[in-house]
Amino acid sequence: MRRSRSLLLVAACALLTACSYKPSFINEYKIDVQQGNVLTQDMVAQLKPGQSREQVRFILGTPLITDIFHRDRWDYVYRFREGRSGQVQSRKFSVFFDGNGQLERVSGDVELASVEELTMPASKMRLVDLGSIGEDGAAQPLPPPEEPGFVRRMLNRIGL
């Protein structure tokens with residue numbers, strides 16, 4: 001009886017230590033974590049001195065931090081931690097208003113746009129090929145789509 005209890009105790013200890021050991025070839029999955037306000041260069045480029053608080057909120061979104069001691073300052077903070085490597089990137093951007101609630105100045109990690117970026121419209125067109133064009137300039141129709149195979153037809157009948 002005493003021997004079986006000690007054997008049971010040894011087995012329980014072995015199982016508990018096995019739970020704490022992780023082989024080096026097993027890697028757990030760690031997610032990327034984003035926190036705060038994501039600000040892009042396009043958003044910051046739209047800011048102009050003299051804009052109201054509502055206009056700034058429309059462009060940048062609701063600030064992460066509004067300090068009761070500094071009512072004329074909004075802080076936008078962003079933090080990104082990569083899951084695999086654990087590297088942390090952080091950005092801080094502050095917007096300052098004057099006594100009338102008009103945008104006075106900005107400061108932070110996001111760069112202001114240059115004059116060329118503000119005046120030059122960005123081309124957001126892309127070319128989509130809808131078929132080959134023949135010698136006479138008319139577009140040739142696309143070939144008919146291929147019929148699905150046997151397996152695909154069976155899966156379609158099942159509803160997958």
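Guide: Gladly. Let us begin with a term: contact means heavy atoms within 4.5 Å. By that rule, residues 24 or more positions apart account for 42% of the contacts in the chain with a separation of 6 or more. Please keep in mind that this is a predicted model.

Visitor: Why is Asn-37 called buried?

Guide: Buried means under 20% relative accessible area. Asn-37 has 14%, so the label applies. This residue sits in the loop between strand S1 (33–36) and helix H2 (41–45). In the chain as a whole, buried residues make up 18% of the 160 residues.

Visitor: What makes the approach of Asn-37 to Thr-62 a polar contact?

Guide: A polar atom of the Asn-37 side chain lies 2.9 Å from the backbone oxygen of Thr-62. The limit for such a pair of N or O atoms is 3.5 Å, so the distance falls within it. Leaving aside neighbours within four places in sequence, Asn-37 is also in contact with other residues, including Pro-63, Leu-64 and Tyr-76.

Visitor: How do you know that Arg-53 and Asp-72 form a salt bridge?

Guide: Their closest N and O atoms are 3.0 Å apart. The cut-off is 4 Å between a side-chain nitrogen of Lys or Arg and a carboxyl oxygen of Asp or Glu, so the pair qualifies. The two partners belong to distant parts of the chain, 19 residues apart: Arg-53 is in helix H3, while Asp-72 is in the loop between strand S2 (65–66) and S3.

Visitor: How many salt bridges does the structure hold?

Guide: Two. Arg-73 and Asp-75 also meet in one, at 2.9 Å from N to O.

Visitor: What makes the largest nonpolar core a core?

Guide: The residues of such a set are buried, of nonpolar core types such as Leu, Val, Phe and Tyr, and joined through side-chain atoms within 4.5 Å. The largest one has 13 residues, and Leu-47, Val-56 and Leu-60 are among those with the most contacts inside it. H2, helix H3 (53–60), strand S3 (73–81) and S4 each give two or more residues to this core. Leu-60, for instance, is in contact with Leu-39, Met-43, Leu-47, Tyr-76, Phe-93 and Val-95, leaving aside neighbours within four places in sequence.

Visitor: How do you know that S3 pairs with S4, and S4 with S5?

Guide: Pairing takes at least two bridges. Nine join S3 to S4, so that pair passes. Five join S4 (residues 88–97) to S5 (residues 103–108), so this pair passes as well. Both pairs run antiparallel. Tyr-78 stands opposite Arg-91 in S4, and Phe-96 stands opposite Arg-105 in S5.

Visitor: Which glycines in the two hairpins have a positive phi?

Guide: In the hairpin of S3 and S4, with six residues between the strands, Gly-86 has a positive phi near 80°. In that of S4 and S5, with five residues between them, Gly-101 has one of about 85°.

How values were computed. Residues numbered from 1 in each chain as written. Predicted model: local features only at pLDDT ≥ 70, side-chain atom pairs only at ≥ 80, totals over all residues. Heavy atoms only, no water. Helix = DSSP H or I, 4+ residues; strand = E, 2+ residues; numbered from the N terminus. Buried < 20%, exposed > 50% of the residue type's maximum accessible area, 1.4 Å probe, protein only. Polar contact = N/O pair within 3.5 Å; in protein donor to acceptor, adjacent residues only side chain to side chain.
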